[in-house]
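I opened this notebook to record what I looked up, entry by entry. The entries begin with a helix and then turn to the chains and a strand.

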4 protein chains.
Amino acid sequence: MSHHYQSILASIRTEVLPLQHDGAVANYIPELMTVPPERFGMHLRTVDGHDFAVGDSDEPFSIQSISKVFALALVVSLVGEKIFKRVGVEPSGSSFNSLVQLEYERGIPRNPLINAGAMVVCDVLIGQLKRPKQELLAFVRQLAQNKRIGFNERVAASEKEFGFRNIALANFLKSFGNIQHDVSDVLDLYFHMCSIEMSCRDLATAFLLFANHGTRPGSTDAVLTKSQTKRLNAVMQTCGFYDEAGEFSFTVGLPGKSGVGGGIVALHPHRYAVATWSPRLNAKGNSVMGMKALELLTTKLGSSIF
Amino acid sequence: MSHHYQSILASIRTEVLPLQHDGAVANYIPELMTVPPERFGMHLRTVDGHDFAVGDSDEPFSIQSISKVFALALVVSLVGEKIFKRVGVEPSGSSFNSLVQLEYERGIPRNPLINAGAMVVCDVLIGQLKRPKQELLAFVRQLAQNKRIGFNERVAASEKEFGFRNIALANFLKSFGNIQHDVSDVLDLYFHMCSIEMSCRDLATAFLLFANHGTRPGSTDAVLTKSQTKRLNAVMQTCGFYDEAGEFSFTVGLPGKSGVGGGIVALHPHRYAVATWSPRLNAKGNSVMGMKALELLTTKLGSSIF
Amino acid sequence: MSHHYQSILASIRTEVLPLQHDGAVANYIPELMTVPPERFGMHLRTVDGHDFAVGDSDEPFSIQSISKVFALALVVSLVGEKIFKRVGVEPSGSSFNSLVQLEYERGIPRNPLINAGAMVVCDVLIGQLKRPKQELLAFVRQLAQNKRIGFNERVAASEKEFGFRNIALANFLKSFGNIQHDVSDVLDLYFHMCSIEMSCRDLATAFLLFANHGTRPGSTDAVLTKSQTKRLNAVMQTCGFYDEAGEFSFTVGLPGKSGVGGGIVALHPHRYAVATWSPRLNAKGNSVMGMKALELLTTKLGSSIF
Amino acid sequence: MSHHYQSILASIRTEVLPLQHDGAVANYIPELMTVPPERFGMHLRTVDGHDFAVGDSDEPFSIQSISKVFALALVVSLVGEKIFKRVGVEPSGSSFNSLVQLEYERGIPRNPLINAGAMVVCDVLIGQLKRPKQELLAFVRQLAQNKRIGFNERVAASEKEFGFRNIALANFLKSFGNIQHDVSDVLDLYFHMCSIEMSCRDLATAFLLFANHGTRPGSTDAVLTKSQTKRLNAVMQTCGFYDEAGEFSFTVGLPGKSGVGGGIVALHPHRYAVATWSPRLNAKGNSVMGMKALELLTTKLGSSIF
C-alpha cells in the first residue's frame, strides 16, 4: 500500500508539471510576490502514520487562509458550537456578495472561512486567551508536531500596510457590534495568523486531526468532539474554496481549504490528509497545480466521497 | 443487515414523532396548503435492491424543487457538461443574494438547483426535446420504475397564477439572453416539473441512479457517466438545501435535495438512497421531521461522508 | 421679448447642430430604431401663451418615460398624496441599485419616475378608472390641447414582445403585493402609456400645467393643488433624469423629464415650459442635442433656478 | 422688508415650538448626546447684508456633515471640476445602497456629500494644502467672518474612537485606490472637519457665498466661478439631505445641507441664506424643527424654487 501511494504521487507530479507556468502568483500584498513561482510539493499522511511525499514538500510557505481552519478548530475547542451564534455555517457566494450579505444580515458573516468570519473567530480567541498569537501558534505547532513553525513578520507587516479591504471589513464588523475587542488587536492576530509558514508535511500532519474524529493520531486526548469535527469538515466542504467550493467538491470531492499562498490541504475522513503547494493561482484564487494534483489523487484512488 | 436498517427506521420514526407539530406548511401557493400537515414517511433503498420503509412512505406528494435534480440529470444526459456554460456550479448564499448575483453576473445563475438555474435547464430541455413535459415525466417514471407518476395540474396552475417571483425571474433571465425560448413555455415546463407527485419509495428508487455511478441498479445502460454523476452529487452537496446547505452537510453529511412540499432525498454513494416526507417546514424551507430523520439515520449508521 | 426668445432658440439650433451625429438611438426595442436619427426640434411656450419653436418641433415622437409624469399627475389628481404610501419620492441611484433597492425595501419603488414606480402608478389608475388607457390619453390630450395625440400600437406591441425586464419588474412588484390588479393589465397600460406620440409643441403645452401651479393657463379649474404641483416638480427635479439627475440639475437647473425616444421637457415655474427632441442618446439614456439645447437655453436666459 | 422677514421668523418659531420633543438626538457617537435637546435657533441673512434671527441662533453647535460643503467648495476653488473624476454628482439612494454602489462602481462615490465622497475630497485637500486642517478652518472662518470658529477636539476624538463605519469606508476607498494619502490622515481631516462648531449666524453668513454666485457679498474676489457655484448648488439640491433629498426638495425647495448635529442650512440664489439648528432628528437624520421651520419659511415667502 505504501508503495502504491508513493507511485501515485510520483505520477501525479509528472502529470501536473506541464501546468507549472499557468496562473499567476498572488499580488494583493507585495510580500507574497517574492516567492519562486514554479515550486510544487505534495505530502500525504495516513491516519495510521505513513508518509508519502514528492517535490518541495518540506519547504515552508505562507499558509494564508488555511490558517482560518486552525483558528476555527481552536475556538471550537474552547467555546464549542456557540461560536456559530456570531458566524454562520453557510456558503457566501462571490466576494461581492459577501459584502452585500454582511450589510444585509447586520454584521453576521456567512461562515468562518471567509475573511469577515475569521475575524470574528479571532475576536473570540482574544477574549479566551491570554497571549492569543503565541497560543494559536502553539496549537498549530502541536497539531503539526513541529516546533519550528512560526509567523512571517514581514508578511504580517505587509498585510497591515496594504490590507485595506481587510481593515475595512474589521471596522464594518465592529460597527455592527460583532467585534468586541480593539479592531487593531483583532487585525494583528488575523494578519499574524495568515502569515504562518508551514510545509506540506506540516499541513498534512496537522489536518489528520480532522480525518481522525478530532483526536491527533497517537494521542488519547480529543481536541474536538466527533460532532465538532464533523461540523468543521462540513464547513470546509461547503465553504473552503472561495468561489470555487462547488468546483472543488466535484473535482476533488474532499473537505479542504486553500490559501492564496498556493497551499491546499484536504482530508479523507478516517484515511488520510494531504497537502499540496504551488504558488501560481487560477482566476478564482486557488493553486492551479494543487487543484489538478488533488483531482488526480482522488481519481486514481477512487476516493472522492461522491 | 435488512433487519438492521428496518429497526433503525422504526426507531427514527419514534424519535421524530414529537416534532410533528413543529414548523409550518409552505404557503406561497395556495394549492400546497391543502396537504395534511402531520404526515411522515421514510423509504430507504440499497444499491443491491433492498427496501426499508416506515410511515406514509407510499403516499405521493408534491416533490417541488427535488424535480430540479431530475431535470438536471436529463439535460446532462442530453448535452453533457456544456450546460455549465449557462449555469454555474457554486452555492448562491441567500435568496436575496441570488437576485443581486443574477444582476451582477449578467444573467448566469449560480447553480442549477436555484430557481433561476432550473429555468435555464428547462430552456435547454425545450430545445432538445419534442415534447418536453412528457419526456421529462417519462424519464422520471423510468428512474422510479413507476408509470403512475404524474403532474398535479392544479399545483402547476396554482404556480402559474401566483408564482410572480418565478415569472419575474424567468423574464430577467430572458432580458439577459439566457433564456432562448418563449418565457411562457419555459415557465410551463418549470411549473409542471415542480408539480410532479411521487412517494418516498419513488424518490429513493429514482435517486439510486446517483448512488450507483449513473446507471440504474439492474440496468446495463448508463444514463450518466461516472464523472457526470460525481458532478451532480457535488452540486447537490453544496447547493441542494437552499440557505441550509452547510447545515445539512453537517447534520446529515450526504448529497441530497429538498423541496417545499416537505420531501427530502439523499444518497450515500455506492450504498443507498433515502427519501423522507413531512410537510411542516423550518424557517429555511426544509422539512423539520425530514431533516431530523436523516440526521438520525447517518448518526445511527455512522454513514455521514465526514 | 418674443423676438428675444425666438432668436435664442434659433442660435441654440445652430450651436447644437454639430452634435447631430453624436450618441446612439435607443435600441432596447426594435420599433424605436426606425426613427430618423438626425431630427432636432424645440418648442418653448410661456405661461402667458406665447410660442417659440425651431426645427422639427411639430413632429410627433415616442415620449416614452415622459409619460410617467402624466400618469403621476393624473393619479395625484385622483387620489392625492396617498399614492406616496406605495411609491417613494427619493432618487434611486443607478438602475442596478434600483433593483437591489426594490428587494431590500420589500417592493416599494424609490420614486414614481423609475419604471417600477410608474407601474405602481398604473396599478392605482386601473383601480380608479373605468377605461384607464382611454382616460389617460384623454387627460394628456386635454393638457396638450390636441385631440390627435394617440398611442403607437406597434411600439406598445414591441414593448410587450421584448420588454422582458419590465415584465420581470411588474411581477416582482406583484410578488411583494404592491401591484393589486392583473400584471398583464398593468403592463398593458404601462406599455401603451410609454408609446404615446407627441410633438415638442404638445409637450411644452401640456407641461405648462406644472409651470402654472397646477392649472392650465387659460383655464379656471385646477387639475392639481399648488402643493401637489410643487411635489411633482420636486420629484422631477431629483428623479427625472435616470442616472443623470444631478448632472441635469447642474447643466439645466430646471425640473424636467426625459425619455429614451429622445424627448426632454422642462419647466421654469411661473414662466415657461420647453420641450426638445432629438433621437440620439448619450450613455446614460438622455438626448445629446436636447441636453445641450436646454443647457444653452438656461445659460442664455440666466434662468437656471440656481 | 426687514420687519417682514423678522416677523416671519418670529411666527415660525411659535409654530415649530410644539415639535420640540419630537425626534431624537443623534447617538452614533457619545459626544453628540451631551447637547441640550430642546434648543432651536434660526438665522437668515440676505445677499444685501441684512440679518434676521430668532432663538438660539448665536449658539455654536457641531455642524457635522454641513462641513462637507465647505470642503467641497475649497477643493473646487483649488482644483476645479476635475475633482468630479474621482467622485460623482448623482444622488445615491439609501445608505445601504451607497455601500453596494461603492463596490459595484469600483470605489467612485456617487457624490461629494455622502461620507465616502467627502473622504475623497479630504484626500485631495491633503494633496493641495500644507496644513489641511488649519487651512480648511481658515477658509470657513473667512466665509463666516468669524475667527472664533474652531474644531471640537472631543467630538473629533469621539468619532475617531467610535466611527467604525467611517473607518471602514475610508479603507474601502483606499483598497480601490481612490484615496492616495494615509487613511489615518484622511480620517483625521474628515473627523476634524465634521467637528467644526458654528452658530446659525455663522452658517447663514458663510453660505451667502453660494447665494451670491461664488463671491462673498462685500468682497470683490471670487472664491468660485458662477459655473462652479451652480454646480455646488445643484449637488446640494439633489444630494444634500441623506435619504430625504426628494422630500426636502418638495417641502423646502431650496438647495441646502443638513448635519446630524441638528443644523440645516439652505439658500435662495441671489436672495438669502438661512440656517436653523435644533438637535432632535427625524428617522432619516434631519432636524425635525429645522425641516418644519424651513418649510414654513418658503411657504410664507413663496420662495421655493418650484
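Entry 1. Helix length.
I began with the rule I needed: the expected span of a helix is 1.5 Å times one less than its number of residues. I applied the rule to a predicted model. I repeated the check in chain D, on helix α10, residues 226-239.

How many of the residues of α10(A) are buried? I counted twelve of 14, and I noted the helix as mostly covered. I took buried to mean that 20 or more other C-beta atoms lie within 10 Å of a residue's own. Among the buried residues are Q228(A), K230(A), R231(A), L232(A), V235(A), M236(A) and C239(A). I then looked up what covers them. From chain A itself, the cover includes α2 (67-79), α9 (200-211), α11 and β6 (256-258). From chain B, the cover includes α10 (226-239) and α11 (245-251).

Entry 2. The surroundings of α10 in chain D.
In α10(D), twelve of the 14 residues are buried, so I recorded the helix as largely enclosed by the rest of the structure. The buried set includes T229(D), N233(D), A234(D), Q237(D) and T238(D). These buried residues of α10(D) pack against α10 (226-239) and α11 (245-251) of chain C. Within chain D, they pack against α2 (67-79), α9 (200-211), α11 (245-251) and β6 (256-258).

Entry 3. Where chain A meets chain B.
I next examined the contact between chain A and chain B, in which 33 residues of chain A are in contact with 33 residues of chain B. Which helices of chain A each supply at least two residues to the side that touches chain B? I found α3 (95-104), α10 (226-239) and α11 (245-251). The largest share comes from α10(A), with eight residues. By class, I listed 14 nonpolar, 13 polar and six charged residues on this side of chain A. Of the interface residues of chain A, 100% are also interface residues in chain B, so the copies meet through the same surface.

Entry 4. How the chains are related.
I superposed chain A on chain B by a rotation of 180 degrees with 0.0 Å of shift along its axis, and the RMSD was 0.0 Å. That is the relation of a two-fold axis. I then laid chain B on chain C: a turn of 180 degrees and a shift of 0.0 Å along the axis gave an RMSD of 0.0 Å. Of the residues of chain B, A168(B) comes closest to the rotation axis, at 1.9 Å for its C-alpha. Here the same surface serves both copies, as 100% of the contact residues of chain B recur in chain C.
I also looked for pairs of chains without contact. Chain A and chain C do not touch, and their nearest C-alpha atoms are 8 Å apart. No contact joins chain B and chain D, and their closest C-alpha atoms lie 8 Å apart.

Entry 5. Chain A as a whole.
I counted twelve helices and nine strands in chain A. Its radius of gyration is 18 Å, close to the 19 Å that the globule rule gives for 306 residues, so I noted chain A as being as compact as a globular protein of that length. Along the principal axes, its C-alpha atoms fill a box of roughly 55 × 45 × 35 Å. Buried residues make up 61% of the 306 residues in chain A. Among contacts in chain A between residues at least 6 apart in sequence, 67% join residues at least 24 apart.

Entry 6. A strand in chain C.
Is strand β2 (residues 41-46) of chain C mostly covered or exposed? I found it mostly covered, with six of its six residues buried. G41(C), H43(C) and R45(C) lie on one side, M42(C), L44(C) and T46(C) on the other, and both faces are covered.
I then traced its partners. With strand β8 (residues 272-277) of chain C, β2(C) pairs in the antiparallel sense over six bridges, and M42(C) stands opposite T276(C) in β8(C). With strand β3 (residues 51-55) of chain C, β2(C) is joined by five bridges, again antiparallel. F52(C) in β3(C) is the bridge partner of L44(C). The hairpin of β2(C) and β3(C) has four residues between the strands, and G49(C) in it takes a positive phi near 95 degrees.

How values were computed. Residues numbered from 1 in each chain as written. Chains lettered and ligands numbered in written order. Predicted model: local features only at pLDDT ≥ 70, side-chain atom pairs only at ≥ 80, totals over all residues. Least-squares fit on C-alpha atoms with pLDDT ≥ 70 in both. Contact = placed C-beta atoms within 7 Å. Nonpolar A, V, L, I, M, F, W, Y, C, P; charged D, E, K, R; others polar. Rg over C-alpha atoms; globule rule 2.2 N^0.38 Å. Pairing = 2+ DSSP bridges.
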